[in-house]
Amino acid sequence: MACRRDDYRDLRLAVAELIARVEGKPCVNVCRDGSVFVCRRIYQLRVDEDSLDAECEWVDPPSAKPEELTDGMSIGLSLLRIGPDWWYDDYFHWYFVFDPALVARSVAGDHSWVPAFLKSATLRCT
């Protein structure tokens, strides 16, 4: 879904709300192909003029992740989609999931929730 925006004010507000809930907490990166990568914590979340930036401490070593999935993250606001407990990077086509129950399952090694999540996640414009 492509969302066109000229004014990112509403998106920045939605991102600020999500940041307040997830700063310093674990998350899960879910690729559209179902690949899963666990982040011990996501931190230094911030929004500037045109992007959302953060740092991640990954459980998986760099050799186990796509090379694009680095410790530093930057997503242009024009490519950012927000859900209730996740955001979606429309460039790399992956989700960062923050739902505590789903993250806990993946931290424990259970990724069985991923197919249902991918099927049900609804992208929306903000």
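Reader: What order do the strands of the open sheet have?
Author: In this predicted model, seven strands form an open sheet in the order β4-β3-β2-β1-β7-β6-β5, and the pairing is antiparallel.

Reader: Which strands stand at the edges?
Author: Those are β4 (72-76) and β5 (80-82). Each has a single partner strand, so one side of each is left without a neighbour in the sheet.

Reader: And what does the twist average from one strand to the next?
Author: The average is 35°.

Reader: How many bridges join β1 to β2?
Author: Four. Strand β1 covers residues 27-31, and the two strands run antiparallel.

Reader: Which residue in β2 does V30 stand opposite?
Author: V30 faces V36 across that pair.

Reader: Helices now. Which strands does α1 lie across?
Author: Helix α1, residues 9-22, lies across β2, β3 (51-58), β5 and β6. Relative to β2, the helix runs at about 120°.

Reader: Moving on to V103. Where does that one lie?
Author: V103 is in helix α2, which spans residues 100-107.

Reader: Buried or exposed?
Author: V103 counts as buried, because its relative accessibility is 4% and the cut-off for buried is under 20%.

Reader: What does V103 touch, leaving out residues up to four places away in sequence?
Author: With those left out, V103 is in contact with P26, C27, V28, V97 and F98.

Reader: How far apart in space are V103 and Y91?
Author: They are 23 Å apart, C-alpha to C-alpha, with a sequence separation of twelve residues.

Reader: Which strand does Q44 lie in?
Author: Q44 belongs to β2, residues 36-47.

Reader: How does Q44 count by relative accessibility?
Author: Q44 counts as partly exposed, because its relative accessibility is 45%. The class sits between the 20% and 50% cut-offs.

Reader: What about phi of H93?
Author: For H93, phi is near 60°, and that residue is also not a glycine.

Reader: Where does H93 lie?
Author: H93 is in the loop between β6 (86-89) and β7 (94-97).

Reader: And why does H93 count as partly exposed?
Author: Because its relative accessibility is 39%.

Technical notes: Residues numbered from 1 in each chain as written. Predicted model: local features only at pLDDT ≥ 70, side-chain atom pairs only at ≥ 80, totals over all residues. Heavy atoms only, no water. Buried < 20%, exposed > 50% of the residue type's maximum accessible area, 1.4 Å probe, protein only. Pairing = 2+ DSSP bridges. Axes fitted to C-alpha atoms, helices over the stretch in contact; angles between N-to-C directions. Contact = heavy atoms within 4.5 Å.
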